[in-house]
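Student: Could we go through this model together, taking the chain as a whole last and its packing before that?

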Amino acid sequence: MLATCFDDTGFWEYDSQIKALISRVRGWTPDEVAVMLLRVTEYDMGYQFAVSLGLALNAAERLGADGRRAVAPRLRHAHAEVMDSQFDARLRGPLTKRLRALLASVDEAHIPEGLIPAYAAWAGALRERANTGPTPELAEFVRHLASLSGPRPPQRWRRTSLALTDAVSGRNLVAEVLRALAEGEPECSRGHGPHRGWLLGDFPHHYLVHQNDGDLARGIVWTAALTAGPAAVPYLDALALRTGGPGSDVAEDLKLAGATINALAEVDDPAAPEALWRLRSRIRHRALRKQLDTALVTAAARQGITAGQLIERGVPGHGLAPDGALPSILTQIERGA
């Protein structure tokens, strides 16, 4: 591998032999692991890159503390390459988790490059906090936010999110990032940064969150719903419509819209089910409408009513009395009709 470095012979061309070798050999030196990481990250070959990096990490994870510190620059570079790659998120997720664990074992306060998007306007407050006040608690908080890969987190994730948010006094920070997602400037596919040209086509596209940063954005959405309560409802409502409704200023983002809808259903406030009902009348995408139906049931249950009762509340009264009767002329005059 040393002899063929920087030629057109890729790490993946020998992956079966290397896999067997790495699994049998114990005591890899930091220099040898650094060579593996170097070869893996020379070229971005999509699926092959992911498989090869996994093999190299098998060796890196066997290093002691001093060895991991020695290869930390290569691990940081590998993390940045993964965050800038275009391969499937199902491959990216396990790799980033392993890389972040290795890097955290070297420096608990270090936030790997690419974990917070470097140019996205919505992440500005989070970037500033990371640059001006890095701490182990903040790094753990950001890693936790970015660990949410699905539209609905388990209870353990929610409890940890509440604890970590309070540990970094981050409630206002999370609320500010949510507001930026709902109202801030979008990104352009022809703009600056590592994801330039992400969306194909001659016409420039505007998007809110790049696919590689989706987990972090969903983590922000859910944490805001858990910590801000009623104050988060208008921004969650606006974000769901912005990413899943018609006539938006950004490209459709069904994953983020779905997570926002689900999070909105968990806010214990009467305004949340009302917002969901309004969204249902405006969002047309079939998958999101199914999520809205489920979310309405969840939100109604939190208010102690059925989804049917919630729907009835949303029907305009048109001046009728609660029993459906038309008020008397005198009553109408008293009401200023």
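Tutor: Contact here means heavy atoms within 4.5 Å. This is a predicted model, in which local features need pLDDT of at least 70 and side-chain atom pairs count only at pLDDT 80 or more, while totals for chains, interfaces and linings use all residues. Residues are numbered from 1 along each chain as its sequence is written, and side-chain values use heavy atoms, with hydrogens and water left out.

Student: Which residues does Leu-276 touch, not counting residues up to four places away in sequence?

Tutor: A nonpolar core is a set of buried Ala, Val, Leu, Ile, Met, Phe, Trp, Tyr and Cys residues joined through side-chain atoms within 4.5 Å, where buried means under 20% relative accessible area, exposed over 50% and partly exposed in between, with a 1.4 Å probe and protein chains only. In the largest such core, of 60 residues, Leu-276 and Trp-122 touch the most other members. With residues up to four places away in sequence set aside, the partners of Leu-276 are Ile-261, Leu-264, Ala-265, Leu-292, Ala-295, Leu-296 and Ala-299.

Student: Within what arc do the buried residues of H15 fall, seen down its axis?

Tutor: Helices are DSSP runs of H or I with at least four residues, numbered from the N terminus. The buried residues of H15 are Leu-288, Leu-292, Ala-295, Leu-296, Ala-299 and Ala-300, whereas Arg-286, Lys-290 and Ala-301 are exposed on the other side. The arc is taken from the directions from the helix axis to the C-beta atoms. Seen down that axis, the buried residues of H15 line one face of the helix, because they fall within an arc of 130°.

Student: How far apart are the end C-alpha atoms of H15?

Tutor: The expected span of a helix is 1.5 Å times one less than its number of residues. For the 17 residues of H15 (residues 286-302) this should give 24 Å, which agrees with end C-alpha atoms that are 25 Å apart.

Student: Which residue's backbone oxygen lies 2.7 Å from a polar atom of the side chain of Thr-260?

Tutor: Thr-260 is found in helix H13 (residues 254-265) and counts as buried because its relative accessibility is 0%. Beyond its neighbours within four places in sequence, Thr-260 is in contact with Val-221, Leu-236, Leu-239 and Ala-240. The backbone oxygen 2.7 Å from its side-chain polar atom belongs to Leu-256.

Student: What percentage of the residues of the chain count as buried?

Tutor: The chain contains 17 helices and two strands, a strand being a DSSP run of E with at least two residues. Of its 337 residues, the share that count as buried is 44%.

Terms used. Polar contact = N/O pair within 3.5 Å; in protein donor to acceptor, adjacent residues only side chain to side chain.
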